[in-house]
Amino acid sequence: MTYEAVVLDGPGAWRLEPLGAEPPPPGEVRCRVHAAGICGSDRELFDGNRPAGYVRYPLTPGHEWAGTVEAVGEGVDPALAGRKVVAEGFRNCQRCERCRAGETSLCTAAYDETGFTRPGAFASYVTVPARLLHLLDEEADLSAAALLEPSAVVASAVLKGAPRPAERIAVVGGGTLGLLAVQLLAAYSPAELVLVEPRQQRAEQGGRFGATRQLHPSDAGAEAGRFDLVVETAGAAHSAALAVSLARRGGRVALTGIPAPGAAGIDPIALAMQQTTVYGVFGAPSEAWSYAVRAFGSGVLDPAPLITHELPLNAYDKAVSLVGSGDPEVGKVLLRP
């Protein structure tokens with residue numbers, strides 16, 4: 001069997017290289033990759049915009065993936081072989097105060113993540129610690145399951161925001177994260193679930209996923225102060241400020257988007273006077289991963305309709321160029337080893 005991996009030597013400089021099927025180290029598993037998703041941070045790696053300290057070239061990117069356990073290392077349950085799985089990306093230490101409190105995405109050890117500082121899943125296989133695996137059902141669609149990493153990020157935002165039935169909820173941004181958020185939030189039976197999104201095609205898709213109404217950002221000013229919970233996913237220059245403005249007095253806001261430097265700030269006086277609770281989300285703790293996997297397995301979460309392109313490893317540069325291209329026909333892009 002021939003194995004290959006994308007190797008990014010530096011911004012824009014990549015190659016395919018053979019990959020030997022080495023036995024996994026003790027405590028780890030080697031997984032055959034079925035599909036791996038490409039997101040904005042992968043575009044950052046290719047373009048060279050990823051902040052120093054959050055990337056280690058040369059590397060094999062790929063942090064959103066699903067596959068099948070192919071081999072297990074010493075000390076790992078042999079019964080895992082053949083199981084369909086996804087895995088957390090953060091190599092949390094499990095020893096620091098935050099990890100012991102269950103906040104594994106806030107691990108205080110040095111940043112270490114599959115696809116950024118460790119070899120990722122733009123390859124025939126990826127090797128990860130067995131403790132980071134989440135098992136999938138036998139009948140799971142592994143292409144759809146490759147979106148469980150962004151689903152876990154959204155699940156973290158939803159868990160922090162703690163939606164309740166009959167609340168008024170808004171989602172700012174109709175990209176992958178936003179449309180996944182709509183699916184999860186619709187399951188809480190909100191009185192209103194408004195998707196704020198300028199692209200008509202994405203807005204309409206949000207309606208099929210459970211949004212009760214779509215709103216263009218230019219019209220959002222009229223909705224200020226109406227929503228109990230606002231989940232921001234756009235990462236645009238003004239989306240965080242917009243999300244806070246939409247929240248009612250005493251409302252909650254979860255921010256998942258990471259804008260470029262120079263984005264509009266949030267007025268601290270308004271936060272204090274309105275008594276707004278704002279949560280930041282970066283990555284996902286184990287709890288959110290478990291929640292996303294359960295939602296996927298139960299059918300509450302269906303990422304498959306978001307996938308628009310599936311390309312082979314040798315089209316890595318083309319796949320990356322599709323992400324963030326602005327083409328309304330481009331949704332989630334997968335690499336298929």
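Serine 189 is found in the loop between helix 5 (176-186) and strand 9 (192-196). This residue has a positive phi of about 55° although it is not a glycine. The model is predicted.

**Aromatic pair Trp14–Tyr316**

- The ring centres of tryptophan 14 and tyrosine 316 are 5.2 Å apart and the planes stand at 75°, so the pair is edge-to-face.
- Tryptophan 14 belongs to strand 2 (residues 13-18) and tyrosine 316 to helix 10 (residues 316-322), so the contact ties together parts that are 302 residues apart in sequence.
- Tyrosine 316 is buried, with a relative accessible area of 0%, whereas tryptophan 14 is partly exposed at 24%.
- The cut-off for buried is under 20% relative accessible area, so the 24% of tryptophan 14 places that residue in the partly exposed class.
- Trp14 and Tyr316 also belong to a cluster, linked by ring pairs, that includes Phe46 and Phe122.

**Aromatic pair Phe90–Tyr111**

- For phenylalanine 90 and tyrosine 111 the ring centres are 6.2 Å apart and the planes are at 75°, so this pair is edge-to-face.
- Phenylalanine 90 is in the loop between strand 5 (84-87) and helix 2 (97-100), and tyrosine 111 is in the loop between helix 2 and strand 6 (125-129).
- The two residues are 21 residues apart, and their pair links distant parts of the chain.
- Phenylalanine 90 counts as buried at 12% relative accessibility, and tyrosine 111 counts as buried at 18%.

**Arginine over aromatic rings**

- The charged end of arginine 50 sits over the ring of phenylalanine 116, at 4.0 Å from the ring centre.
- Arginine 226 lies over the face of phenylalanine 227, and here the distance to the ring centre is 5.3 Å.

**Backbone features in loops**

- The peptide bond from tyrosine 57 to proline 58 is cis, with omega near -10°.
- Proline 58 is placed in the loop between helix 1 (40-47) and strand 4 (64-72).
- Glutamine 275 has a phi near 55°, a positive value in a residue other than glycine.
- The loop that holds glutamine 275 runs between helix 8 (268-274) and strand 13 (277-280).
- Glutamine 275 is exposed, with a relative accessible area of 58%.

Methods: Residues numbered from 1 in each chain as written. Predicted model: local features only at pLDDT ≥ 70, side-chain atom pairs only at ≥ 80, totals over all residues. Heavy atoms only, no water. Phe/Tyr/Trp six-rings, centres within 6.5 Å; stacked < 30°, edge-to-face > 60°. Helix = DSSP H or I, 4+ residues; strand = E, 2+ residues; numbered from the N terminus. Buried < 20%, exposed > 50% of the residue type's maximum accessible area, 1.4 Å probe, protein only. Lys NZ or Arg CZ within 6 Å of the ring centre and 35° of its normal.
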